[in-house]
Structure formats: C-alpha cells, structure tokens
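Dear colleague,

Please find the structure below, with the sequence alongside. My notes on what was found in it follow.

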Amino acid sequence: GAKTYVINAEPDGTNINNNAGSTHIGGLQKFVVENGLDVGFAYDGDADRCIAVDENGKVIDGDLILYICGKYLMEQGRLEGNTIVTTVMSNLGLYKACENMLKNGYILGGEQSGHIIFSKHARTGDGILTSLLIMEVILEKKQSLGTLAGEVKIYPQLLKNVRVTDKKTAREN
C-alpha cells in the first residue's frame, strides 16, 4: 500500500553510483524533502548496502540503522543474546546507545557504510532486506525514521589509514 518512487535506476554500464546510490546521497535527500516523503533508501551498485534518508533529508547511516533495528528486535524478543556486532569504524554514539545489550547469539551486525546483516534471513548484506526491516520498525512503532534515529547522539569521528612498517607489532599494540 505504499506509494513509491524510483530514481537513478537506469544503469547503462557506465553510470553505476554516478551521483547516486549509497555513496552519493544528495540527490535522494533533495528528492525526499522536495516531495514530502516519509523515507528514502539508497543502495550501492550491487544493493548489498543500504543508507536511508529520513523525512527531513537527514542521512541515516549503518550505525543508526543498527541501533533502530537492534532496539526494535530486542523489544520484540527477537535479538538473540541482545547483541549487535559492529566494526571498528562504528561511531561511539552507537555503543553508548546500546550499552544495555549483552553478548551471545549474534544475529545482527553491520557497519557504518550500510552493510547490515540480519543472519536469520541472509548471510550477507542485503539492502532491500534492510529497507524492509526499517519499514517494519517505522510501521510497527508508528514513529518517523527521524524520531527513531534521534535517540542516538553521534560523536565527532575521524577515520584515517595509518601506514606501519610492522603490521604484526601494530596489531598487538
């Protein structure tokens, strides 16, 4: 029953992610706001990543998606072990928002880039599945995506590659 729009969906073999998709989200932000939409979803070229845009055009990245879906699944008794698995690139804000979750039985994991794995349904990232689960949360909780994501305070973050001469020593330090 949803009214949907599809943009940037005419691949020609040379335009994949060209000013579109999960790595160039500005066009989607503008489209959502200008058309008064509730939510927008952006995928990368093979659709294993999903980044969302809320009703105000704010980017909802993988960390926020993990929080929203993880909290919902926990409330439903469906987050086994009450655990979310992240990468080192996740923002401190996600960890602060999830401090009450325990270890064991990992079923939800992902990273800031939008690779989200719901292992009950798939063994790899699936952007369409991520979109459907976000919509389930929005509909069941009767809250906007912006409201759901608003519970997380994102902290300043810098991701930087550092060259080392001895990788083994660096890993052990």
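Contact, as used in this message, means heavy atoms within 4.5 Å. With that in mind, Ser 131, leaving out residues up to four places away in sequence, touches Phe 41, Tyr 43 and Cys 50. Ser 131 has its place in helix α4, where helices (H or I, at least four residues) and strands (E, at least two) are DSSP runs numbered from the N terminus. Because its relative accessibility is 5%, Ser 131 counts as buried; buried means under 20% relative accessible area, exposed over 50%, and partly exposed in between, with a 1.4 Å probe and protein chains only.

Before going further, please keep in mind that this is a predicted model, in which local features need pLDDT of at least 70 and side-chain atom pairs count only at pLDDT 80 or more, while totals for chains, interfaces and linings use all residues. Residues are numbered from 1 along each chain as its sequence is written, and side-chain values use heavy atoms, with hydrogens and water left out.

The chain as a whole

The secondary structure of the protein chain comes to six helices and six strands, and along the sequence these follow the pattern α-β-β-β-α-β-α-β-β-α-α-α. Of the 173 residues in the protein chain, 38% are buried. Among contacts with a separation of 6 or more, 56% are between residues 24 or more positions apart. The protein chain exposes about 10800 Å², of which carbon and sulfur atoms supply 51%; accessible areas come from the Shrake-Rupley method with a 1.4 Å probe, and for residues only the protein chains shown count as cover.

The pocket and the cavity

Both terms rest on a 1 Å grid over the protein atoms alone: a cavity is a set of points where a 1.4 Å probe fits but cannot get out, a pocket is an open set with protein on both sides within 12 Å along at least five of seven lines, and lining residues have an atom within 4 Å of a point. Grid points are joined across faces, edges and corners, and a volume is the space filled by probe spheres set on the points.

The largest pocket has a volume of about 1200 Å³. It is lined by 43 residues, of which Tyr 5, Val 6, Phe 41, Ala 42 and Tyr 43 are the closest to its centre. Helix α1 (26–34), strand β1 (40–43) and helix α4 (127–141) each supply at least two residues of this lining, and the largest share, six residues, comes from α4. By class, the lining of the largest pocket has 24 nonpolar, 14 polar and five charged residues, where Ala, Val, Leu, Ile, Met, Phe, Trp, Tyr, Cys and Pro count as nonpolar, Asp, Glu, Lys and Arg as charged, and the others, Gly among them, as polar.

A search of the whole structure finds one cavity of 30 Å³ or more, and the volume of the largest cavity is about 60 Å³. Its lining includes Tyr 67, Ile 68, Val 137 and Leu 148, and α2 gives the most to that lining, with five residues. By class, the lining of the largest cavity has five nonpolar, no polar and four charged residues.

Helix α2

The 14 residues of helix α2 (residues 62–75) should span 20 Å at 1.5 Å a residue, and the end C-alpha atoms are 20 Å apart, which agrees; the expected span is 1.5 Å times one less than the number of residues. Helix α2 is mostly covered, with 11 of its 14 residues buried. Leu 64, which is found in α2, is buried because its relative accessible area is 4%. Leaving aside neighbours within four places in sequence, Leu 64 is in contact with Lys 58, Val 59, Ala 149, Val 152 and Ile 154.

Residues to look at individually

Lys 30 has its place in helix α1 and is exposed, with a relative accessible area of 52%. Most residues other than glycine have a negative phi. Ala 47, however, has a positive phi of about 60° although it is not a glycine; Ala 47 is found in the loop between β1 and β2 (50–53), and at 24% relative accessibility it counts as partly exposed. Asn 82 likewise has a positive phi, near 45°, and lies in the loop between α2 and β4 (84–85).

With best wishes
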